[in-house]
Amino acid sequence: MAEVQWHSIEPAPVVLIAGKEALLAQRALERIVDLSRERHADLEVHRFISTEITKSDLLQYTAPSLFGEPRLVIIDEVTRGAEPLINALMEYVKNPEQDVTLVLINRGDQRAKKLLDAVKKSGAPWVNAAEIKTPKAKMTFAMSEFSRARRRVNSDAVKALVDAFGTDLMELAAVSTQLMRDTEPESGQPAGPITLRHVEALTAGRAETTGFAIADACLAGKEREALVLLRQAELSGLSPVAIVATVVRKARQVAQVAIPGATAKSVGMQDWMFRNNAQLARHYSDRALASVFESLAKADAAVKGNDRDPMWALQRLIVEISRARRGRA
């Protein structure tokens, strides 16, 4: 077999989960465990870190069983194992035991790459748990959360979720779950689609005080609005470091779309996001953008300890960005 999506992976004699996105790896492993237990009520589950298991242990837990008892053996951080274990695994994947499901988890490092290559070459299914970075991929992930739970959701609702919670995949998944719980119908009633109104109700009082809203207002030149949002963020305990990081991310998006010939595809943005950032970019010359990033660098240093009053540094940042936008430097 070849690469399999995390939400489609099935138990097999050998399964590889490889990538830095911990949540995707967790979801893939949970699916394998759940399906294995559904099929075998008497399933034995053994989980190890590769640095804590020896070649002898591997042979013991994957040896043929006299009565064919089903077993699930999980080896995490597999490429960190000792050389004898790596070599034993390379031999094992060539002819695995059929009553055992051996799950090998690689967290993205390239140690013992020969083992990863051997697993893939053997035809065993593997899950690519690479980091999810682009807005498009995050929206796809969010959609899959609802699809997995057999819930319908409108695209504008997913967009709003990603806008508000897309910096942390764990949080995005948790909020999606909470949204489904909050919109569960009464017993016996069909579930309607989750809409933008549902998302707005869930995030009321929070979305307005996040770095996303501050960044949007700031880059749009809405100085007064951005300062009000900043005050709300301060009262809610939002970290100044997180606010600066979000404004930096927004400024980078604006700079990306300002590149001559840039397209949504070339910069890895959704069409709607590209259009929104392109509208902002029209108000900034190259010198103005350079001024924005200079102000961001000063603010970043200030909130990380170079200034006694981080919130004052953020107020100054908002004023300077608004000034750069109005004057186009």
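Okay, a definition to get going: Ala, Val, Leu, Ile, Met, Phe, Trp, Tyr, Cys and Pro count as nonpolar, Asp, Glu, Lys and Arg as charged, and the others, Gly among them, as polar. Now, what we're looking at is a predicted model, so local features need pLDDT of at least 70 and side-chain atom pairs count only at pLDDT 80 or more, while totals for chains, interfaces and linings use all residues. Residues are numbered from 1 along each chain as its sequence is written, and side-chain values use heavy atoms, with hydrogens and water left out.

Let's do the holes. I'll be talking about cavities and pockets, both found on a 1 Å grid over the protein atoms alone: a cavity is a set of points where a 1.4 Å probe fits but cannot get out, and a pocket is an open set with protein on both sides within 12 Å along at least five of seven lines. A lining residue has an atom within 4 Å of a point. Grid points are joined across faces, edges and corners, and a volume is the space filled by probe spheres set on the points.

So, how many cavities of 30 Å³ or more does a search of the whole structure find? One. The largest cavity comes out at about 40 Å³, and its lining is S295, K298, A299, A313, R316, L317 and E320. Sort those by class and you get three nonpolar, one polar and three charged residues. Two helices, α14 (286-306) and α15 (310-327), each supply at least two of the lining residues, with α15 giving the most, four residues. When I say helix or strand, I mean DSSP runs numbered from the N terminus: H or I of at least four residues for helices, E of at least two for strands.

Next, the second largest pocket, at about 310 Å³. It has 14 lining residues, and Q5, W6, L24, N128 and I132 lie nearest its centre. The elements giving two or more residues to that lining are β1 (3-4) and α5 (135-148). Of these, α5 has the largest share, four residues. By class, the lining has seven nonpolar, five polar and two charged residues.

On to the cores. A nonpolar core here is a set of buried Ala, Val, Leu, Ile, Met, Phe, Trp, Tyr and Cys residues joined through side-chain atoms within 4.5 Å. Buried means under 20% relative accessible area, exposed is over 50%, and partly exposed is in between, with a 1.4 Å probe and protein chains only. Which members of the largest core, 79 residues in all, touch the most other members? They're I17, V103 and F141. A second, separate core has 25 residues, V14, A118, A124 and W126 among them.

Take F141 for a moment. Contact means heavy atoms within 4.5 Å, and, leaving aside neighbours within four places in sequence, F141 is in contact with W6, L23, L24, R27, I132, L169, L172 and A173.

Helix α13 (residues 271-281) is worth a look too: W272, M273, F274, N277, A278, L280 and A281 are buried there. Their cover includes α5, α6 (155-165), α9 (211-219), α11 (240-257) and α12 (264-267). As background, an α-helix has 3.6 residues a turn, so residues three or four places apart point the same way.

Now the sheet. Six strands make an open sheet, in the order β1-β6-β2-β5-β4-β3, with parallel pairing. The edges are β1 and β3 (44-49), each with a single partner strand, so one side of each has no neighbour in the sheet. Strands count as paired if DSSP finds at least two bridges between them. For β4 and β5 (residues 100-106), which run parallel, there are five bridges, and R71 stands opposite V100 in β5.

E77 isn't a glycine, yet has a positive phi near 50°; you'll find E77 in the loop between β4 (71-76) and α3 (83-92). R150 is another non-glycine with positive phi, about 60°, sitting in the loop between α5 and α6. Is R150 buried or exposed? Exposed, because its relative accessibility is 77%.

Last one: T183, in the loop between α7 (169-182) and α8 (196-203). T183 counts as buried because its relative accessible area is 17%. Not counting residues up to four places away in sequence, T183 touches R151, I194 and H198.
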